[in-house]
Amino acid sequence: MILLVIGNALALISDVFVKLLEPEAPVFQFAFLRSLITLLLLLPLAKQVSRRHLFTGLKIHALRAHIQLGGILCMLVALGNLPLATANAVFYAAPILVMVLAAALFRERLTLLSTGAVVSGFLGIVVILRPIEFNWAAIAALGAALALALAAVLVRRLPAEQSTVHKLFLNYLLLLPMAGALALWEGVPMDFSMLTSALGSALFILGYNVTVLLAYRQVDANQVTSAEYTGLIWAVCIGWIGFSEVPDLWFVAGSLMIVVPLLMIGWRHRTVRQPSTDSKRNCQVAA
């Protein structure tokens, strides 16, 4: 949970760099530049890449990489057209989707409370976006959330013998050809003014990816999803102070519908596990 709290703070800073882009900035070109810079940032850590297992699990790595590329593109469209807090509120539907996907793919058990969180979360998204404001930017935000969720649950299918750096290196190496092809298809001359934003976004999203890889391979997905929502607080504060985006009552109500049930799940897991831990300690003391 601590890893995800830190990770979501880093992801939000990355979003701010994206938000500062010019409205006409070429989306595909930015995605390519950010991916290339991320790969270059990983090069000093290349010693952690196992030559023996270099391309182990190539298919799942390639699938996850292209899902993440789609998520990057959706995120760029959403942040460019929605308020920072609104876009992030929809992005934070990802943990709800993680629960659904984990139940479908890994047979993780959804309790009554978990099911209620899923229903409440989707209704919360509807309240935030509202049908009258549902446009391509809103669809892009939902697409980004789905991509985040798929990438998170697919972490378990990645080879255990590969390090975190190895997995990240393969991820960005495999998505780079498609990102480059899309940038060429876009047909816009190279805009080097985006390099600062691409560097800042790449640096902080790399930190987010590291925390997600470490967190979701440790425990069941539905045990840590509540930690994802701490970034929403920062999104509201930075959007308000930095971009003069004042959240309305619809946003507050919808966000509470998303966050509160997941906080309840996190609290329930904590209270259920605590007695077991105490009993174990008592047995050790008696022994």
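View 1. Buried residues account for 49% of the 287 residues in the protein chain. The model is predicted. The chain exposes about 14500 Å².

**View 2. Eleven helices, zero strands.** The protein chain holds eleven helices and zero strands. Read from the N terminus, its elements run α-α-α-α-α-α-α-α-α-α-α. Take the contacts with a separation of 6 or more: 91% of them join residues 24 or more positions apart.

**View 3. Helix α3 against helix α8.** Helix α3 covers residues 58-81, and helix α8 covers residues 164-186. Their axes come within 8 Å and cross at roughly 55°. The crossing of α3 past α8 is right-handed.

**View 4. Side chains at the α3 and α8 contact.** From α3 come Leu58, His61, Ala62, Arg64, Ala65, His66, Gln68, Leu69 and Leu73. They meet Lys167, Leu170, Asn171, Leu174, Leu175, Met178, Ala179 and Leu182 of α8.

**View 5. Leu63 in helix α3.** Leu63 lies in helix α3. Its relative accessible area is 44%, so Leu63 is partly exposed; the class lies between the buried limit of 20% and the exposed limit of 50%. Leu63 and Leu154 are 91 residues apart in sequence. In space, their C-alpha atoms are 9.1 Å apart.

View 6. Helix α6 spans residues 112-129. Its 18 residues should span 26 Å at 1.5 Å a residue. The end C-alpha atoms are 26 Å apart, which agrees. Buried in α6 are Ser114, Ala117, Val118, Ser120, Gly121, Gly124, Ile125, Val127, Ile128 and Leu129. Just after α6, Arg130 takes a positive phi of about 60°.

View 7. Helix α7 has 18 residues, 136-153. From its first C-alpha to its last, α7 reaches 26 Å. This is close to the 26 Å expected at 1.5 Å a residue. Ala137, Ala138, Ala140, Ala141, Ala144, Ala145, Ala147, Ala149, Ala151 and Ala152 of α7 are buried. Val153 of α7 is buried too.

Definitions and conventions. Residues are numbered from 1 along each chain as its sequence is written. This is a predicted model: local features need pLDDT of at least 70, side-chain atom pairs count only at pLDDT 80 or more; totals for chains, interfaces and linings use all residues. Side-chain values use heavy atoms; hydrogens and water are left out. Helices (H or I, at least four residues) and strands (E, at least two) are DSSP runs, numbered from the N terminus. Buried means under 20% relative accessible area, exposed over 50%, partly exposed in between (1.4 Å probe, protein chains only). Contact means heavy atoms within 4.5 Å. Accessible areas come from the Shrake-Rupley method with a 1.4 Å probe; for residues, only the protein chains shown count as cover. The expected span of a helix is 1.5 Å times one less than its number of residues. Axes are lines fitted to C-alpha atoms, for helices over the stretch in contact, and angles run from 0 to 180 degrees between N-to-C directions. A crossing is left-handed if the near helix is turned anticlockwise from the far one by less than a right angle, and right-handed if clockwise.
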